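Please work through the exercises below with the sequence and the 3D view open beside you. Try each task before reading its solution.

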Amino acid sequence: MKQDVIELDGAIGGGQVLRSALSLSMLTGKALRIGNIRARRSRPGLMRQHLTAVQAAAQVCGASVRGAELGSQVLEFEPGPIRGGDYRFSIGTAGSCTLVLQTLLPALLQAPEPSRVTVTGGTHNPLAPPADFLQHSWLPQLRRMGAQVELQLLRHGFVPAGGGELELSVRPSTLQPVHLQERGALLGRRAWALSAGLPEHVAERELRRVGNRLGLSREELQDVQLDEQYGPGNVLLLEFAHEHLTELFCGFAQNGLRAESVADAAIDQAREWLASGAVVAECLADQLLLPMALAGGGSFTTPRLSNHLASNIQVIEAFLPVRFQTRSVAEQVLHVECHSRDR
């Protein structure tokens, strides 16, 4: 490779390290070499959704790529200029559509023309943020920063069948810093259970569990029965809409897992966040780092320095002239601030 190369050890995290590195390589024009991709996972190397993200990124910026194959633990990526336009990508499995879109979105915000990206695969995958998280939690924060972006869920896709479809529309945008130092007033809360091709009592039991443990009223509980063609699949989604942000927590059905346990997974996450006093929950905290770095600043509080948060900071600081400072301000409240490195 002729240009400067950023070398990363993928063992510091999972697929999120690869996604952030691809986004940043496209944005900065710096070549990337990453080894030990997902080395600590039970199935190391590129899986189908990661490979699709690599191929999609390469198409968006005309990159030269080596190592783009299933199971590969080493990837070399030499980007060209970012190009907007209409793109369509198929994962071919129930691998996460949202992770592919999150790889491309930061770069497409800086494309010279608008873009539309359609991805088919899994929209509700237990190893990734569901489409609802992007729609209700992540993208509203990006819009607050100035991003002109819309996401449509065209078809649900659960594990293992896949077949879901998402469409992302992006207009070139400049991001501005956002500081999330308080949640603001609670505007509403709700839980909904998405089910397809499963007995109706599954969703009913999940929602009953939420009502009993969190005190939600019947009006705040919604049973959404999808056509069985989308199944089998089920996810319980729990949303808290505050003045300054919306947080979303989920529990995914799996073989042998009781409906009550599916609900408990989302409830336990929500209760921990609610009790912490921190503004941003663990998943959203990780997802906000790159947009804030591109905006040149921003801050928030979150319950802890998770492995995802720490590894993502390491990747971003390798590419961009920014620095993240973290400090504990109370029990279960970590303050995270991004600023330019010359400060």
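Predicted model: local features only at pLDDT ≥ 70, side-chain atom pairs only at ≥ 80, totals over all residues.

Residues are numbered from 1 along each chain as its sequence is written, and side-chain values use heavy atoms, with hydrogens and water left out.

**Exercise 1.** Determine how strand β5 and strand β6 run, and how many bridges join them.

Solution. Begin with the terms: strands (E, at least two residues) and helices (H or I, at least four) are DSSP runs numbered from the N terminus, and two strands pair if DSSP finds at least two bridges between them. Next, locate β5 at residues 85-90 and β6 at residues 115-121; these strands run parallel and are joined by six bridges. As an example, R88 has T118 of β6 as its bridge partner.

**Exercise 2.** Decide whether G164 is buried or exposed, and list what G164 is in contact with.

Solution. First place G164 in strand β8, which covers residues 164-171. Buried means under 20% relative accessible area, exposed over 50% and partly exposed in between, using a 1.4 Å probe and protein chains only; G164 has 0%, so G164 is buried. Contact means heavy atoms within 4.5 Å, and, leaving aside neighbours within four places in sequence, G164 is in contact with C97, V119, T120, G121, T123, R155, H156 and G157.

**Exercise 3.** Work out how helix α1 and helix α8 are oriented to each other.

Solution. Axes are lines fitted to C-alpha atoms, for helices over the stretch in contact, and angles run from 0 to 180 degrees between N-to-C directions. Helix α1 (residues 15-28) and helix α8 (residues 307-319) pack at an angle of about 20 degrees, with their axes 10 Å apart. Angles under 35 degrees count as roughly parallel, over 145 as roughly antiparallel, 65 to 115 as roughly perpendicular and the rest as oblique, and therefore α1 and α8 are roughly parallel. Their contact involves residues including L24 and S25 of α1 and V315 and F319 of α8.
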